[in-house]
Amino acid sequence: MAVLAGGRCLGGLCSRLLGSPGKLWFLRRQHTDGQYKKASFGFQSVTEAEKNEKVHELFDRVSLKYDLMNDVMTLGIHRLWKDSLLRLMNPYPGTQLLDVAGGTGDIAFLFLDYIHSQREVQLRRDLKSYQNLSWLEVSKSYQKTRQDLLGGSHVVICDVNQKMMAIGEKKAQHLGYTEGLSWVVGNAEELPFTADKFDVYSVAFGIRNMTHIKQALQEAYRVLKPGGRFLCLEFSHASNPLISRIYDLYSFQVIPVLGEVIAGEWQSYQYLVESIRLFPTQEEFKAMIEDAGFMKVDYHNLTSGVVAIHSGFKL
Ligand SMILES: C[S@@+](CC[C@H](N)C(=O)[O-])C[C@H]1O[C@@H](n2cnc3c(N)ncnc32)[C@H](O)[C@@H]1O
């Protein structure tokens with residue numbers, strides 16, 4: 001194909017000349033490489049600056065209905081996927097987490113719940129070993145642990161979109177998450193944190209929207225402490241052809257309609273579906289994480305690969 005000279009699109013000609021499969025291949029290539037000035041916004045080819053702006057505007061517009069849409073669109077299954085992320089993370093009291101593209105805070109809240117439950121278990125275990133202590137000693141020790149149910153753990157929610165985080169902050173107040181979390185506006189591709197700072201970096205359904213995924217991965221590596229863990233929960237590619245077909249039909253025929261009915265946002269949810277199609281496969285993404293310097297990179301498919309969790313360590 002002469003028009004794909006060196007993988008570049010000559011004046012946008014190729015996207016007009018290529019049919020659907022060719023166009024999909026070309027757009028995925030752009031998306032994976034990230035080195036071109038053009039970027040894909042769903043199946044549209046736009047400049048990188050335009051993509052940043054469009055992604056920002058999109059999350060501005062959907063922010064109010066974002067949580068509701070997640071529940072409706074996935075029939076609540078996104079909660080199970082997020083639970084799986086936390087189980088894999090298995091944070092201990094004291095863990096410093098950075099949740100990038102944290103949006104309305106779901107991962108942060110699950111993290112705090114997880115740490116609380118870990119501390120409760122610890123508390124009960126300690127109580128059993130208190131048998132030889134006096135009542136006063138037991139009481140003091142119990143109260144001390146109860147006052148510090150997070151054990152020094154902290155989560156920073158970082159997102160480029162203030163409106164998404166504003167919804168998250170309201171949710172945090174409403175649900176009673178007052179300690180152990182902070183909200184920082186920042187771009188994943190240029191994180192406003194010093195190097196070697198966090199034990200865990202998580203990103204859930206966020207990396208697909210970034211313009212320079214490779215740069216975001218390098219930033220993840222930079223801010224993690226040596227020994228720290230990278231975890232990414234993202235829509236991926238179903239391995240079973242039947243599930244893949246059903247999922248495709250559901251994605252392209254139902255999701256934009258739901259987006260329109262619930263949020264008045266057909267285009268935004270059309271983008272969501274298209275961006276999922278363009279995201280690298282599990283193996284391709286694994287290679288990208290390795291290229292950023294991570295070791296022991298692995299992934300776990302959820303719901304037959306509709307979603308995958310990638311994990312890697314800074315060693
Ligand atoms: C689909 S939402 C995911 C929110 C949340 N993690 C969840 O699982 O519900 C994607 C989020 O990524 C954020 N985002 C997109 N590009 C970003 C970037 N370059 N840096 C930081 N956040 C970004 C958006 O603002 C949005 O809040």
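Colleague: How far does a backbone N or O atom of Ala188 lie from a nitrogen atom of the ligand?

Modeller: This is a predicted model, in which local features need pLDDT of at least 70, side-chain atom pairs count only at pLDDT 80 or more, and totals for chains, interfaces and linings use all residues. Residues are numbered from 1 along each chain as its sequence is written, and side-chain values use heavy atoms, with hydrogens and water left out. A polar contact is a pair of N or O atoms within 3.5 Å. For Ala188 and the ligand nitrogen, the distance is 2.9 Å.

Colleague: What percentage of the ligand's exposed area does the protein bury?

Modeller: A polar side-chain atom of Tyr66 lies 2.9 Å from a ligand oxygen atom. A backbone N or O atom of Ala204 lies 2.9 Å from a ligand nitrogen atom. Taken alone, the ligand exposes 600 Å², an area from the Shrake-Rupley method with a 1.4 Å probe. The share of it buried by the protein is 96%.

Colleague: Is Asn161 buried or exposed?

Modeller: Asn161 is found in the loop between β4 (154-159) and α8 (162-175); helices (H or I, at least four residues) and strands (E, at least two) are DSSP runs, numbered from the N terminus. Leaving aside neighbours within four places in sequence, Asn161 is in contact (heavy atoms within 4.5 Å) with His56, Phe59 and Asp60. Buried means under 20% relative accessible area, exposed over 50%, and partly exposed in between, with a 1.4 Å probe and protein chains only. Because its relative accessible area is 1%, Asn161 is buried.

Colleague: What is the relative accessible area of Leu75?

Modeller: Leu75 is in the loop between α4 (66-74) and α5 (77-89). Leu75 counts as exposed, because its relative accessible area is 72%.

Colleague: How far apart in space are Gln270 and Gly42, C-alpha to C-alpha?

Modeller: Gln270 lies in helix α11, residues 266-278, and counts as buried at 17% relative accessibility. Not counting residues up to four places away in sequence, Gln270 touches Phe252 and Pro256. Gly42 is 228 residues from Gln270 in sequence, but the C-alpha distance between them is 7.8 Å.

Colleague: What percentage of the 315 residues in the protein is buried?

Modeller: The protein has 12 helices and nine strands. Among its 315 residues, the buried share is 49%.

Conventions. Polar contact = N/O pair within 3.5 Å; in protein donor to acceptor, adjacent residues only side chain to side chain.
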